[in-house]
Amino acid sequence: MDVGFLGLGRMGRPMALALAKAGHRVRVWNRSPQAAEALRAEGVEPVASAAEAFRGDAAVTMLADDAALRSVVVEGGILDQAERPGLHLGMSTISVALARDLTALHERAGVPYVSAPVFGRPDVAAAGNLNIVAAGPEAAIARAQPLLDAMGGRTWPFGPEPARANAVKLAGNFMIVAAVEAMGEAAAFGEAHGVAASALLDLLTGTIFAAPVYKNYGGAIAAGRYEPPGFGLALGAKDIRLVLAAGEAAQVAMPMASVLRDGLIEAAAQGHGEKDLAALALVSARRRGRS
């Protein structure tokens, strides 16, 4: 397939390369042109504008947040250009509200829109083994499936309404942040009673909490390994804000999300915003008097 890929951050770069490795023709655009140019040797074609990338059989967006996606797709007017893609695969973690706005805009433009946010870190993306949550027109998802298969190990369909996929992604990220907060508090509690965090988390993540999220973040907390970030703390904070906004819009109270938001604000105030999400555990350590 002829694919345009917009957004080459920590996740976008390996995803674009996975498409190229699968044999698709990939044109890439990034706000910082150097990131796109650096991939030329990997078999992808850098283009000078978002409009040049937003065409072909499919366009994939993996931009950082709502503001970036609105700037490029909505305010940038690329849905109004004469040459448009056969479908738009939106893979960013964005708000439910923006997903609904994009669905309406795409319907008016006659471009099928599929929301397909992902679960996985950059190393998982590089291996083409992401879990992809997809929602949108059934025919459009079927057409996008070769691309989804190249980037992911499994596609999880959630029906015809694109915003459902974004709700699922935010629910998952809420649970990830909650798991990190729980481990941080448990580690601080254990250490206050003479139990090393590494021993406690090794036991718990090897037995009753033997799941990838607990193992990966628990290992990072136990080792004090917060850089380089896989999933940045600032991005986690952004997602919790989106969860709270979507919860309020649907009149769903989420008291734990409010606690997480405050902890993430505290972590950023302590200078940990650019570290991995695991650094949220440093807030609990600091609260019990340890730096």
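A residue is called buried when its relative accessible area is under 20%, exposed when that area is over 50%, and partly exposed in between, with a 1.4 Å probe and protein chains only. By this definition Q251 is exposed, because its relative accessible area is 76%. The structure is a predicted model, in which local features need pLDDT of at least 70 and side-chain atom pairs count only at pLDDT 80 or more, while totals for chains, interfaces and linings use all residues. Residues are numbered from 1 along each chain as its sequence is written, and side-chain values use heavy atoms, with hydrogens and water left out.

The overall picture comes first. The chain holds 13 helices and nine strands; helices (H or I, at least four residues) and strands (E, at least two) are DSSP runs, numbered from the N terminus. The radius of gyration of the chain is 20 Å, close to the 19 Å that the globule rule gives for 291 residues, so the chain is as compact as a globular protein of that length. Here the radius is taken over C-alpha atoms, and the rule is 2.2 Å times the number of residues to the power 0.38. Along the principal axes, the C-alpha atoms fill a box of roughly 65 × 45 × 35 Å. Of the 291 residues, 51% count as buried. Contact means heavy atoms within 4.5 Å. Among contacts between residues at least 6 apart in sequence, 67% join residues at least 24 apart.

Next comes the sheet. Six strands form an open, parallel sheet in the order β3-β2-β1-β4-β5-β6, where two strands pair if DSSP finds at least two bridges between them. Its edge strands, β3 (45-46) and β6 (113-115), each pair on one side only. Strand β1 (residues 2-6) runs parallel to β2 (residues 25-29), and five bridges join the two. Within this pairing, V3 has V26 as its bridge partner in β2, and F5 has V28. In a regular strand the side chains alternate between the two faces of the sheet. In β1, D2, G4 and L6 point one way and V3 and F5 the other, and all are buried.

P14 is found in helix α1 (residues 12-21) and counts as buried, at 11% relative accessibility. Leaving out residues up to four places away in sequence, P14 touches G9, P122, A125 and A126. R287 lies in helix α13 (residues 281-287). Beyond its neighbours within four places in sequence, R287 is in contact with E181, G263 and E266. The C-alpha atoms of R287 and A188 are separated by 8.6 Å, although these residues are 99 apart along the chain.

Most residues other than glycine have a negative phi, and most peptide bonds are trans. Q251 is not a glycine, yet it has a positive phi of about 60 degrees. The loop that holds Q251 lies between α11 and α12 (255-269). A cis peptide bond, with omega about -5 degrees, joins E227 and P228. P228 has its place in the loop between α10 (212-223) and α11 (233-249).
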